[in-house]
Every structure is written in structure tokens, then in C-alpha cells.
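Please read the following report alongside the sequence and the model.

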Amino acid sequence: MLGGSSAKKTKVDGPSAAVVSKIQTLNSIPFNLNGFINSLTEEQRDLLGLEIETMGKSWLVLKLLHDEIKQPYFIALKKFLREEGVRGTNDTLRSCKVYPPPKDIYSWSNYTPLGRVKVVIVGQDPYFGPKQAHGLCFSVPQGVPVPPSLVNIYTEIKSEYPEFVIPKHGNLIGWARNGVLMLNTCLTVKAGSPGSHSNRGWEKFTDKVIAAVDKWGGANLPTADANSTTKVGVGRGIVFMAWGSWAQKRVSGLNRRKHLVLTSAHPSPRVTKGFLGNGHFKSANDWLEEKYGSDGKVDWCKLNADAEVA
């Protein structure tokens with residue numbers, strides 16, 4: 001471990017620098033997709049086609065995750081999803097009564113590359129209504145009414161940033177592209193049946209995603225001090241927002257000396273108090289700016305209506 005007081009670091013400056021230089025950076029992790037595919041059994045190749053095709057490569061490259069999806073529990077999860085109708089990116093609602101559409105299950109991993117993660121917002125289940133879920137917690141596609149929890153999120157941002165113009169849509173892809181990982185704990189749900197895919201294996205998998213962010217999140221962000229000797233390419237800490245007891249359990253094991261972990265009540269209007277006034281969005285940016293400079297901040301006010309257009 002490279003921790004310790006600054007005085008100790010000064011005394012062993014040479015050896016410490018040598019140790020740091022040996023740490024593998026995120027972008028130097030070797031990964032051969034064809035080699036990975038060839039390592040799979042026939043059954044694994046059949047069941048993991050969606051992951052191979054749609055999971056963001058900055059995430060799949062990690063041994064932590066590409067080994068994880070070969071684990072027996074994940075293969076069992078994929079068999080369960082196959083029974084629910086999830087087969088591939090061309091699935092339609094007629095053949096697959098599961099949300100989000102299979103092509104969007106891993107959209108979080110594509111909009112927010114691991115090395116650019118600044119903030120993680122932890123959700124629970126995807127929305128279970130038609131056309132709502134698209135792979136980012138709290139977010140809905142263009143043209144879908146803004147959900148009540150997101151209305152409260154917008155209200156809180158407006159109180160912290162008065163210049164924020166509350167949008168008439170709930171598409172949060174703009175945040176995702178700005179480094180906000182919006183991760184549900186369960187990545188799928190049966191249409192009209194909240195919690196229906198809980199305890200099937202998603203929780204274990206997304207715990208591994210959080211572990212990856214714990215280690216590598218923010219690895220490709222700049223440093224606040226241009227003269228800093230801090231090594232870019234390794235995880236140096238990010239912000240986690242955990243709203244409600246469910247989300248807070250997912251981040252309970254994080255090192256709070258490395259990360260900023262912000263907790264409060266859930267933004268659901270069913271919760272009478274505890275979310276509004278939490279100050280999380282400005283607190284996150286203050287912490288990020290100190291650590292990574294002005295480029296490390298999230299522009300919470302930028303949610304263009306055409307956010308989904310590449």
C-alpha cells in the first residue's frame with residue numbers, strides 16, 4: 001500500500017517513485033477480445049454474446065470483469081434472462097418483456113468510460129414501465145415524462161445552482177458523457193414487476209463494477225497541479241452519491257479517505273425529508289475541483305435536449 005504520512009514519503013522518495021512506476025496504468029492493461037472469445041466454452045459464447053457485443057471495452061478489458069462474466073452465478077443469471085426472453089440486441093417488446101431493451105442494459109459502460117468516471121450515482125432497479133429504462137439510473141429517454149424522483153433531483157440542483165434551467169425531459173446522457181456513472185444495482189427488471197430480477201446475480205456483478213471504480217475510477221482525469229508527481233492512469237478517488245439505505249449498503253465498504261461518499265435520503269417524493277437540501281452536487285464539484293482542477297468538475301446544468309445524438 002502506498003499510503004503513509006508525507007514525511008515518510010519524503011524520506012523514501014527514490015524507492016517510492018520506483019514502486020509507483022511499476023503500477024500498471026489503466027490504459028496499459030492488455031486485452032485481446034478475440035483471445036477472450038476463444039477462451040470461452042461454446043455455452044459461454046452463446047450466453048455472453050450480449051456482453052461481448054455491447055459492454056464498453058474500457059470495462060470489459062479488466063480481468064476483474066471479463067473473468068466475472070464467466071463465473072457460474074453469472075452464467076446462471078444469463079440462463080434466467082434467456083428464459084425471460086433476453087437474447088440479443090435485436091429483441092423487441094413482443095419477444096422480450098424485460099427492461100431496459102437488451103441493447104441498453106450496458107449503456108452506462110459506453111457513455112461513461114471507466115477512466116473518465118468522476119461521480120457514481122447508485123440506483124436500485126431500472127424503471128419497470130414501457131419505454132422508461134435505457135440503462136442509466138434515474139434517467140429516461142427523450143419524450144418520456146420526467147419521473148418524480150428526477151423532478152426532486154432537478155429541484156435540488158436548482159437550489160444549489162440557481163442558473164440551472166430545469167429541462168422538460170429526463171434524459172441524463174449529458175451527465176453520463178461528462179463522467180457521471182449512473183449505475184443500477186440490478187440491471188434488468190420484468191415489465192410491470194419491480195424487484196423481479198433481484199437476487200438473481202446482478203447485485204454481485206454490480207458490486208464488482210463498484211470495485212473496479214474503487215480501484216480505477218478517475219484514472220484518466222487530469223491532476224489539479226501541473227507540477228504534481230501523482231501518476232495519471234491509476235485511480236485517485238472519485239465521488240459516490242448513495243441515496244437511501246439500499247444504495248448506502250452498496251458503498252459501505254469504500255475507503256472514505258480515498259473517495260468522497262455522500263449519503264442522504266432517496267429523492268423519491270414518498271420520502272418526506274432528507275434529500276432536498278443535501279447539497280450533494282456542489283459538494284461533489286468542490287471536492288473534484290480541489291483534486292482534479294476545473295476540468296474535473298461535472299457540469300450539472302448541461303442537459304441538452306439532443307443529448308442522445310452522438
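## Salt bridges

In this predicted model, Glu-51 and Lys-78 are joined through their side chains in a salt bridge with an N to O distance of 2.6 Å, a salt bridge being a side-chain nitrogen of Lys or Arg within 4 Å of a carboxyl oxygen of Asp or Glu. The pair links distant parts of the chain, with Glu-51 in helix 5 (residues 49-54) and Lys-78 in helix 8 (residues 72-84), 27 residues apart. Both Glu-51 and Lys-78 are buried, where buried means under 20% relative accessible area, exposed means over 50%, and partly exposed lies in between (1.4 Å probe, protein chains only). Helices (H or I, at least four residues) and strands (E, at least two) are DSSP runs, numbered from the N terminus. Residues are numbered from 1 along each chain as its sequence is written. Because the model is predicted, local features need pLDDT of at least 70 and side-chain atom pairs count only at pLDDT 80 or more, whereas totals for chains, interfaces and linings use all residues, and side-chain values use heavy atoms, with hydrogens and water left out.

The structure holds seven salt bridges, and another of them brings together the side chains of Arg-250 and Asp-207 at 3.1 Å, N to O. Arg-250 lies in helix 13 (residues 245-250) and Asp-207 in helix 12, so this pair ties together parts that are 43 residues apart in sequence. Arg-250 counts as buried at 19% relative accessibility, while Asp-207, with a relative accessible area of 33%, is partly exposed. A further salt bridge is formed by Asp-286 with Lys-282, whose closest N and O atoms are 3.5 Å apart. These two residues are four residues apart in helix 14, and are therefore separated by about one helical turn. Asp-286 is partly exposed at 41% relative accessibility, and Lys-282 is partly exposed at 39%.

An open sheet of four strands runs in the order 3-2-5-6 with parallel pairing, two strands being paired if DSSP finds at least two bridges between them. Strand 3 (180-184) and strand 6 (260-264) are the edge strands, each pairing on one side only. On average, and ignoring direction, neighbouring strands of this sheet are turned by 20° against each other; axes here are lines fitted to C-alpha atoms, for helices over the stretch in contact, and angles run from 0 to 180 degrees between N-to-C directions. Strand 5 (residues 239-243) is joined to strand 6 by five bridges, and the two run parallel. Phe-240 stands opposite Val-261 in strand 6.

Helix 12 (residues 202-216) packs on the sheet, where it touches strand 2 (119-123), strand 3 and strand 5, and its direction makes about 160° with that of strand 3; contact means heavy atoms within 4.5 Å. Among the buried residues of helix 12 are Trp-202, Phe-205, Val-209, Val-213 and Trp-216. Just after helix 12, Gly-218 takes a positive phi of about 80°.

Helix 10 (residues 148-160) has 13 residues and reaches 19 Å from its first C-alpha to its last, close to the 18 Å expected. Its buried residues, including Leu-150, Ile-153, Tyr-154 and Ile-157, pack against helix 11 (173-177), strand 5 and helix 14 (280-292).

His-169 is placed in the loop between helix 10 and helix 11, and is buried, with a relative accessible area of 7%. A polar atom of the His-169 side chain lies 3.1 Å from the backbone oxygen of Leu-303.

Most residues other than glycine have a negative phi, and most peptide bonds are trans. Tyr-99 and Pro-100, however, are joined by a cis peptide bond with omega about -5°, and Pro-100 lies in the loop between strand 1 (98-99) and helix 9 (107-111).

Lys-131, although not a glycine, has a positive phi of about 65°, and Phe-138 has a positive phi near 70°. Lys-131 counts as exposed at 67% relative accessibility, whereas Phe-138 counts as buried at 10%.

Terms used: The expected span of a helix is 1.5 Å times one less than its number of residues. A polar contact is a pair of N or O atoms within 3.5 Å; within protein, one must be able to donate a hydrogen and the other to accept it, and residues adjacent in sequence count only if both atoms are side-chain atoms.
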